[in-house]
Amino acid sequence: MQNGHTPNGAMAGTPGKTVVMGAGPAGLCSAYVLSKVGAPVTVVESAPFVGGLARTIRRQTEYGEFKFDIGGHRWFTKNDELNALFQEVVAEELLWVNRISRIYFDGKFIDYPLKVGSALRSVGPVTAAKAVADYGRVRLEQKLHPREIVSMEDAYINQYGRTLYELFFQRYSEKVWGMPCDQLSGDWVSQRTKGMSLMTAIKDAIVPSKGKVVSLIDEFMYPRGGFGRFSERMADAITASGNDILLKHPVRKIVLEGNRVRGIQVETEHGPELIEGDNFISSIPMTVLVKIMEPSAPADVLEAADALTFRDIITVNMMLRKRQVTTDTWLYVHDRDILFGRFHEPKNWSPAMVPSDEFTSLVVEYFCTKGDHIWNMTDEQLVNQTVKHLVEDLRFVKPEEVIGGFTLRATKAYPVYKIGYEKPLRKMKDYIRSIENLQYIGRGGSFRYNNTDHSIETGMLAAKNLLGEHHDLERVNADDEYHEVKRVAPAAR
């Protein structure tokens, strides 16, 4: 079933040859599931490596090897089948990591996800009282005169009141997206913070849930050698089964015959090559996918693709002769004068990410858009800027503790939910759904801000659709509960 309908590639259970576009974790998961049952698969990838934006970079130095993820990808899911798959793949490399995430705000540290006690204490009693009164006013106004939630600003104010919105959410959101919150859709907030509000946080702080406890995750799974090991181990299993992963094979055309894909044209070192198949799974950014159809997609679909944008990212990867910078798995930096948005310390996730206990490292994330002032900074400027912020503004590091640093640039990292994005997105999805043997998966492939587990789930379900099951991929990450809330029995882990 292709995002809601059944492909006609082959008999159920014997899908014929499948071609997967993209060797990120979502695409590799599709190929891994199919390979396990002996189905023929070819994976094509434009880069010379697997893992996409969830890969692990290795940097050899005179002190030993440092490993860096592109941003932090921790594993947590409510889906037991996905957990079993992750544990099966990572196997003996699996670690459990305690989660400690905080916000750095005006020189103070506040628990993240936002915990009401920590947040209200940090702003003082007067502002705290104003925040609670603000929230009460919003709830009363919504009860008496319900107002449609349109923008990100609307959504945050509805959940937390204007005071907490302006203090904790506006700064960081505008740093991440590079746009005012009143121009961004409220869908992002509802998707990422389902069921969360100031009132639910206060209730949970005063009267903990009885019977079943509701808790934000406080630990997660992680591969000892970096999250990229998940993709690398899936890739090893795929090739060991006799299937192919073709690196440095960018897709240039999707060749259609009627309402089916006949094959994809890839670029190789020997020139263009057509790879034919019965079924096709794409994790290529959706806005790119619809533009490489042959025959061309309709004009209104191409216009829809032009209407949607992605946010890009630069990571500055710092190597330090220091045992530890913070105890955090992530630290979110809200200060507007500090250009980067967050960082994580890989050693806090796994000791194997640094050469020895004498050293640590940081992955510092700059949210940007290709061509803007951050993107146009040179690599040297970005490293120097990062050192300056860490040394002078945050006072986390001394200059003599810096061994070195390097940058990595990634485009199309986050789909941007601008107000009105739904209509062009629907237009593109309707067009792709009209192609019988093509499924789209992943964050960019679905133009949906999924977590890693959600993206991998779409890959798993796309493969299962080809094996005779019927799954609507649009239902992934569409439940009514905050994605980091897990309901467990009191005695359970």
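Predicted model: local features only at pLDDT ≥ 70, side-chain atom pairs only at ≥ 80, totals over all residues.

Trainee: Understood. At what angle do the axes of α2 and α7 cross?

Mentor: The axes of helix α2, residues 80-90, and helix α7, residues 228-240, cross at roughly 75 degrees. Those axes come within 9 Å. The two helices α2 and α7 are therefore roughly perpendicular to each other.

Trainee: Which residues of α2 and α7 meet?

Mentor: From α2, the residues are Leu85, Phe86, Val89 and Val90. They meet Phe230, Arg233 and Met234 in α7. The residues of this contact comprise six nonpolar and one charged, with no polar residue.

Trainee: Let us turn to sheets. In what order do the strands of the seven-stranded open sheet run?

Mentor: The order is β7-β6-β17-β18-β19-β16-β20, and the pairing is mixed.

Trainee: Which strands stand at the edges?

Mentor: The edges are held by β7 (108-112) and β20 (402-415). Each has a single partner strand, so one side of each is left without a neighbour in the sheet. On average, neighbouring strands of this sheet are turned by 25 degrees against each other, direction ignored.

Trainee: And inside that order, how many bridges join β16 to β19?

Mentor: Nine bridges join strand β16, residues 310-320, to strand β19, residues 360-368. The two strands run antiparallel. As an example of facing residues, Ile314 stands opposite Tyr366 in β19.

Trainee: What do β12 and β13 form?

Mentor: Strands β12 and β13 form a hairpin, with two residues between them. Strand β12 covers residues 260-268 and β13 covers residues 271-276. Six bridges join these antiparallel strands. Within the pairing, Gln265 has Leu274 in β13 as its bridge partner.

Trainee: A change of topic: how many cavities of 30 Å³ or more does the structure hold?

Mentor: The structure holds one cavity of 30 Å³ or more. The largest cavity has a volume of about 70 Å³.

Trainee: Which residues lie nearest the centre of the largest cavity?

Mentor: Ser446, Arg448, Thr458, Leu473 and Glu474 lie nearest its centre, out of 11 residues that line the largest cavity.

Trainee: And how does that lining divide into nonpolar, polar and charged residues?

Mentor: The lining of the largest cavity has four nonpolar, four polar and three charged residues.

Notes:
Residues numbered from 1 in each chain as written. Heavy atoms only, no water. Axes fitted to C-alpha atoms, helices over the stretch in contact; angles between N-to-C directions. Helix = DSSP H or I, 4+ residues; strand = E, 2+ residues; numbered from the N terminus. Parallel < 35°, antiparallel > 145°, perpendicular 65-115°, else oblique. Contact = heavy atoms within 4.5 Å. Nonpolar A, V, L, I, M, F, W, Y, C, P; charged D, E, K, R; others polar. 1 Å grid on protein atoms, 1.4 Å probe; cavity = no way out; pocket = protein on both sides within 12 Å on 5 of 7 lines; lining within 4 Å. Points joined across faces, edges and corners; volume = space filled by probe spheres on them. Pairing = 2+ DSSP bridges.
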